[in-house]
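Biologist: I have the model open and would like to go through it with you. Shall we begin with the charged pairs?
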Amino acid sequence: MHYFMNTETYEQVAMDGETLGDAVNYLVDGLTIKVEFFDGSAIGVELPPSVEMTVVETTPELKGATASNSPKPAKLETGVTVQVPPFIKEGERIRVDPSKGVYLERAK
């Protein structure tokens, strides 16, 4: 179960992974989202256009790698894998588009 809190009333809403679908791959602590309701029951979430996540596993950086080189897979903190440029290293924060599941840029 995943729990969400209304930041105005502090009321909590619970949803299971099946209800959340692919959105569960992009849910990180502190993320502000919109919960969708139907007849008083939570039926899903609306994610922001980009989510900051930490790279937890990827192949080592290649010397002289540039953004134009072939992308490599990177496993993020929630377990989802996205393709990133070859210069991205483990431990870096990146921005990901959750609607497409693609790398956008390094987080600043």
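Modeller: A definition comes first: a salt bridge is a side-chain nitrogen of Lys or Arg within 4 Å of a carboxyl oxygen of Asp or Glu. Please also keep in mind that this is a predicted model.

Biologist: How many salt bridges does the structure hold?
Modeller: There are six salt bridges in the structure.

Biologist: Which residue forms a salt bridge with E52?
Modeller: The partner of E52 is R95, and their closest N and O atoms are 3.0 Å apart. This pair links distant parts of the chain, since E52 is in strand β5 (residues 51-58) and R95 is in strand β8 (residues 93-97), 43 residues apart.

Biologist: What about E92?
Modeller: E92 forms a salt bridge with R106, where the closest N and O atoms are 2.8 Å apart. E92 sits in the loop between β7 and β8 and R106 in strand β9 (residues 102-106), so the pair links distant parts of the chain, 14 residues apart. E92 counts as buried because its relative accessibility is 16%, under the 20% limit. R106, by contrast, is partly exposed, with a relative accessible area of 35%.

Biologist: Which residues are linked in a network of salt bridges?
Modeller: That network links E52, E77, R93, R95, E105 and K108.

Biologist: Changing topic, which members of the largest nonpolar core touch the most others?
Modeller: The largest nonpolar core has 15 residues, and M53, L76, V84, I88, I94 and V96 touch the most other members. At least two residues of this core come from each of β5, β6, β7 and β8. The largest share, three residues, is supplied by β5.

Biologist: What does L76 touch?
Modeller: Not counting residues up to four places away in sequence, L76 touches M53, T54, V55, V56, V82, I94 and V96. There is also a second, separate core of seven residues, which includes L20, L27, I33 and V45.

Biologist: Last topic, then: what lines the largest pocket?
Modeller: The largest pocket has 18 lining residues, and Y3, F4, M5, L31 and I33 lie nearest its centre. About 600 Å³ of space lies in this pocket.

Biologist: Which strand gives the most to the lining?
Modeller: β1 gives the most, with four residues. Both β1 (2-5) and β3 (34-38) supply at least two residues of the lining.

Biologist: And how does the lining divide by class?
Modeller: The lining of the largest pocket has eleven nonpolar, five polar and two charged residues.

Notes
Residues are numbered from 1 along each chain as its sequence is written. This is a predicted model: local features need pLDDT of at least 70, side-chain atom pairs count only at pLDDT 80 or more; totals for chains, interfaces and linings use all residues. Side-chain values use heavy atoms; hydrogens and water are left out. On a 1 Å grid over the protein atoms alone, a cavity is a set of points where a 1.4 Å probe fits but cannot get out, and a pocket is an open set with protein on both sides within 12 Å along at least five of seven lines; lining residues have an atom within 4 Å of a point. Grid points are joined across faces, edges and corners, and a volume is the space filled by probe spheres set on the points. Ala, Val, Leu, Ile, Met, Phe, Trp, Tyr, Cys and Pro count as nonpolar, Asp, Glu, Lys and Arg as charged, and the others, Gly among them, as polar. Buried means under 20% relative accessible area, exposed over 50%, partly exposed in between (1.4 Å probe, protein chains only). A nonpolar core is a set of buried Ala, Val, Leu, Ile, Met, Phe, Trp, Tyr and Cys residues joined through side-chain atoms within 4.5 Å. Contact means heavy atoms within 4.5 Å.
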